[in-house]
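Try each task before you read its solution.

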Amino acid sequence: MIISITHELDLDGLGSQAIVRRFFVRIERENIDKIKLYYAHYKNFIDVIKKTLDVITPSGYLIISDIGFNDEFLNLFPLFKEIKKKNCKIFWFDHHIIDEQIEKKLINCIDVYINDQNRCSAEIVKDYYLRDDSIAIKIASFSRDSDFHTKLYNTATNLQSIIAFNRGNESNGNKRKIVELMSEGVFENDWYNEELTKIKVWEETESQFALNHKKVIEIENFGNFIISFAKIGGGKIVRLLKDHFPNIKLYIGIDVRYKEIIIHSEYVDCREFARFFKGGGHTNRAGFGYDNIFTKIYELSENFLQIIKESIYRFKIN
């Protein structure tokens, strides 16, 4: 059995999974029923790994992609030992920052670990499994465009919107459909268009809500940061704020559905900032969860804002 666990929130995660599926179906000729697709994010990743313990078969594969590594993931190592006892191989493809000592331990614990911050995860997976495959190359190109925000392909933007719209366990069927379609080289069809029609109204409504509820705060010896929230992904909110307010030192977007926070900045070490809240990510963009964001509906807690200010001072880049 081949079990693929990937980041559920973006095209790079599902793109990585689509390449894995394509390799095992088209090249290895594995039965589709033997390929199980799972979805996770940094808050539930350990729980998803635990769920696979009951279904992993001897001589199988566990393939992880685009999850990143935060400090709580140290609890994974005992789980990996259990998986290895079943003679199952563990592969991990990623492009997020990881501490050197943890990386060494991870390399010694699993069969294949590749982490390259200069490539997105789908590019890494493509180079490992299907370097010269035209469909895999296209998937990796779209994934890079979305993950590095180069805005070269409208198709990549559309796919990312559909994936963000289908967040949550109740939409896992749609995520699997996206993965299956991409693995077969289908990036546009009537189903995609139906999803985009639904998404357009949702994104426009929530984007306007985020702009209407933005808050710009000046911090002495730093500059301005801007924060807003809506029922869309924090990354989408951050990109919206950056487009409308380009001269801000730190951007914060809050997805109120899941109490998840995305930060972007060239003036703050975002990864260390997020790690303080048991999150993680990249130096200039990262994410974390936090429960006590509001005092009442749509009113940001002054205590939360004070914690943000203190964290900016603590992790600002001099």
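A residue counts as buried under 20% relative accessible area, as exposed over 50%, and as partly exposed in between (1.4 Å probe, protein chains only). You're looking at a predicted model, where local features need pLDDT of at least 70, side-chain atom pairs count only at pLDDT 80 or more, and totals for chains, interfaces and linings use all residues. Residues are numbered from 1 along each chain as its sequence is written, and side-chain values use heavy atoms, with hydrogens and water left out.

**Exercise 1.** Classify the ring pair Phe-93 and Tyr-128.

*Solution.* 
- Step 1: recall the rule. Rings of Phe, Tyr and Trp (its six-membered ring) pair if their centres lie within 6.5 Å; planes under 30 degrees apart are stacked, over 60 edge-to-face, and the rest tilted.
- Step 2: apply the rule. The centres of Phe-93 and Tyr-128 are 5.3 Å apart and the planes are at 55°, so this pair is tilted.
- Step 3: check burial. Phe-93 has a relative accessible area of 0%, so Phe-93 is buried. Tyr-128 has 38%, so Tyr-128 is partly exposed.

**Exercise 2.** Now do the ring pair Phe-142 and Tyr-153.

*Solution.* 
- Step 1: the centres of Phe-142 and Tyr-153 are 5.2 Å apart with planes at 75°, so call the pair edge-to-face.
- Step 2: Phe-142, at 8% relative accessible area, is buried, while Tyr-153, at 35%, is partly exposed.

**Exercise 3.** Which aromatic cluster includes Phe-93?

*Solution.* Phe-93 forms one cluster with Phe-23, Phe-24, Tyr-61, Phe-91, Tyr-128 and Tyr-129.
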